[in-house]
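The following exercises are to be worked with the sequence and the model in view. Each task is followed by a solution in steps.

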Amino acid sequence: MVTVRVMDERRRAKPMFTLEGPFPRTGRELFDALPPLPGFRAEVIEGTVILSPLGTPEHSWIAADLHDALLPVRRQRGWRGSVGGVNICIEGPREPVAPDYVLSPADCPRWGQLELMSSGVILVAEVVSPSSVARDHEEKPRLYAQGHVPIYLLIDTLASPQIVTVHHNIQHGTYRTITTVDVGSPIMLPDPVNLELDTSIFKG
C-alpha cells in the first residue's frame, strides 16, 4: 500500500492532485508521478510520501546563515551549497529527500537530472519545524546514515534549550558519533569539512 502523509502545521488546504496512467506501487513511483505542488515539498521516508508546507522565513534564514558560515571552506575546495530546492536520492531504497541545506562537490553523482546521490554529498542539514520534530530527530538520522551521508547536522531552535547536533562516523548503517551543544557554543564539523562552527549564528 502506498501512503501519503500531509504535514499541515499552518492549516492550509490539503493539496489536490490526480494521477494518470498505472497507479503507483511504491512511494518512489508516487513521488515521480506528483505534479508541481506550490507551497509544499515532497519527500519519501521509509516508503511513505510526506508533503510538508515550506518553512517560515526564519526557517530559511537559519539555513542561509549556515551557507554563509561555510563560505570559506566552499571557496577553498570548490564545493557547492544549496539552501533548499535540491533533493538527494538515498542510495538503496532510492527515496528522495529534501534537506534544508546540502553541501556537495560540484561533480556530485546524480539520480536523473534533479537529485544528488546521497553517498556523494558531504553534509546535509535539517532545521527543525513544528511538523518535523520526530522526523528530523529520529527518521532522518537513520535515512542519512543508510545513504552514507558523512555528516548530518541538526539545528533545533524549537527545543529548550536550543541545540545543534552533529551526527557522523557511520558504522553498520548507523551514526556512531553524536555530539550536541546548546546554540551559542561552538561545535566541530568533522572531516571532510573540518571546521569549527560558531552556532551563535542560529540565535533568533
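**Exercise 1: A strand pair**

Valine 164 has valine 181, a residue of β13, opposite it. The model is predicted.

Task: Determine how many bridges join β12 to β13, and whether these strands run parallel or antiparallel.

Solution. Step 1: Locate strand β13 at residues 174-182. Step 2: Count the bridges that join β12 to β13; there are eight. Step 3: Compare the directions of the two strands, which are antiparallel.

**Exercise 2: The nonpolar core**

Task: Identify which residues touch the most other members of the largest nonpolar core.

Solution. Step 1: This core holds 23 residues, and Leu123, Leu153 and Val193 touch the most other members. Step 2: At least two core residues come from each of α2, β7 (101-105), β10 (123-127), β11 (151-156), β12 (163-171) and β14 (186-189). Step 3: Leaving aside residues up to four places away in sequence, the contacts of leucine 123 include Tyr101, Val149 and Leu189. Step 4: As a general background, nonpolar side chains tend to be buried together in soluble globular proteins.

**Exercise 3: The largest pocket**

Task: State which element gives the largest share of the lining of the largest pocket.

Solution. Step 1: The pocket has a volume of about 530 Å³, and 27 residues line it. Step 2: The largest share, three residues, comes from α2. Step 3: By type, the lining residues divide into eleven nonpolar, eleven polar and five charged.

How values were computed:
Residues numbered from 1 in each chain as written. Predicted model: local features only at pLDDT ≥ 70, side-chain atom pairs only at ≥ 80, totals over all residues. Heavy atoms only, no water. 1 Å grid on protein atoms, 1.4 Å probe; cavity = no way out; pocket = protein on both sides within 12 Å on 5 of 7 lines; lining within 4 Å. Points joined across faces, edges and corners; volume = space filled by probe spheres on them. Helix = DSSP H or I, 4+ residues; strand = E, 2+ residues; numbered from the N terminus. Nonpolar A, V, L, I, M, F, W, Y, C, P; charged D, E, K, R; others polar. Core = buried A, V, L, I, M, F, W, Y, C linked by side-chain atoms within 4.5 Å. Buried < 20%, exposed > 50% of the residue type's maximum accessible area, 1.4 Å probe, protein only. Contact = heavy atoms within 4.5 Å. Pairing = 2+ DSSP bridges.
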